[in-house]
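Keep the model open beside you as we go.

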Amino acid sequence: MGDQYRVTFAGFDADTDGQNAIERLAMKLGVSTQKVEAFTQGKPLFGSSEKNKCLKQAKLLAIYGFQSKIQEIQTSSSNAANHAANERVFEALDYITSSLIRIEEKLEDLEQRIDGQQKADDDKEEEQWQSDDLFDELDLDSEPKPKSKKLLYTLLSILFVLLIVLGFSLAFPEMVQF
């Protein structure tokens with residue numbers, strides 16, 4: 001975002017009738033004469049804009065007998081505070097994202113370990129199948145035990161809560177204080 005400038009009133013040209021100039025400028029811009037009179041008393045007539053546009057506005061005012069000057073508008077501290085708050089939100093989002101990636105990697109490691117242990121257990125069981133006594137003891141009609149997904153659901157619920165908190169912090173930044 002570039003620097004912002006505003007055209008301000010400095011006076012009338014020496015050979016210009018003030019009231020006539022106000023009426024002509026108001027008619028040219030399509031605004032009320034009160035707004036142009038307020039401009040002569042220090043109120044802004046045009047919004048803040050880039051320097052080139054302000055130079056064109058000053059040139060238009062000069063045609064109608066107005067003397068003007070271009071002033072740079074200082075950026076407000078609220079913009080800086082808002083920018084800092086946005087930076088903190090993005091840092092928090094980055095931290096949450098990296099934490100989720102680490103959690104996902106740990107889950108994959110756990111799944112690989114569990115699968116490896118199950119394969120090792122299966123290998124041991126295959127060795128023991130040599131005996132017919134073991135075959136008789138097995139209940140072949142029973143269903144396998146379901147895997148516990150308690151850890152997965154816990155992590156998903158934590159992720160969901162964190163995403164809700166992030167959504168509120170983005171939607172209502174004035175409520176979140178870091």
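What follows starts with confidence and then moves along the chain.

Bear in mind that this is a predicted model. The protein has an average pLDDT of 82, and 82% of the residues score at least 70. Confidence is highest in helix α6 (residues 150–171), with a mean of 91, and lowest in helix α5 (residues 132–137), where the mean is 59. Please read α5 with that value in mind.

Now turn to helix α1, which covers residues 18–29. Its 12 residues reach 16 Å from the first C-alpha to the last, close to the 16 Å expected at 1.5 Å a residue. Which residues of α1 are buried? They are G18, A21, I22, L25 and A26. Looking down the axis of α1, you will find these buried residues within an arc of 130 degrees, so they line one face of the helix.

What does the buried side of α1 pack against? Its buried residues meet β1 (4–12), α2 (33–40), α3 (51–63) and β2 (66–73). Just past the end of α1, G30 adopts a positive phi of about 75 degrees.

Setting aside neighbours within four places in sequence, Q57 is in contact with V7, F46 and S49.

Next, move along to α6, where L166 sits. L166 is buried, with a relative accessible area of 9%. Beyond its neighbours within four places in sequence, L166 is in contact with V89 and L93. The C-alpha atoms of L166 and F90 are separated by 9.8 Å, although the two residues are 76 residues apart along the chain.

Our last stop is the largest pocket, which holds about 370 Å³ of space. Which helix gives the most to its lining? That is α4, with six residues. Both α4 (77–128) and α6 supply at least two residues each to this lining.

Terms used. Residues numbered from 1 in each chain as written. Predicted model: local features only at pLDDT ≥ 70, side-chain atom pairs only at ≥ 80, totals over all residues. Heavy atoms only, no water. Helix = DSSP H or I, 4+ residues; strand = E, 2+ residues; numbered from the N terminus. Expected span 1.5 Å × (residues − 1). Buried < 20%, exposed > 50% of the residue type's maximum accessible area, 1.4 Å probe, protein only. Arc of directions from axis to C-beta. Contact = heavy atoms within 4.5 Å. pLDDT = per-residue confidence, 0-100. 1 Å grid on protein atoms, 1.4 Å probe; cavity = no way out; pocket = protein on both sides within 12 Å on 5 of 7 lines; lining within 4 Å. Points joined across faces, edges and corners; volume = space filled by probe spheres on them.
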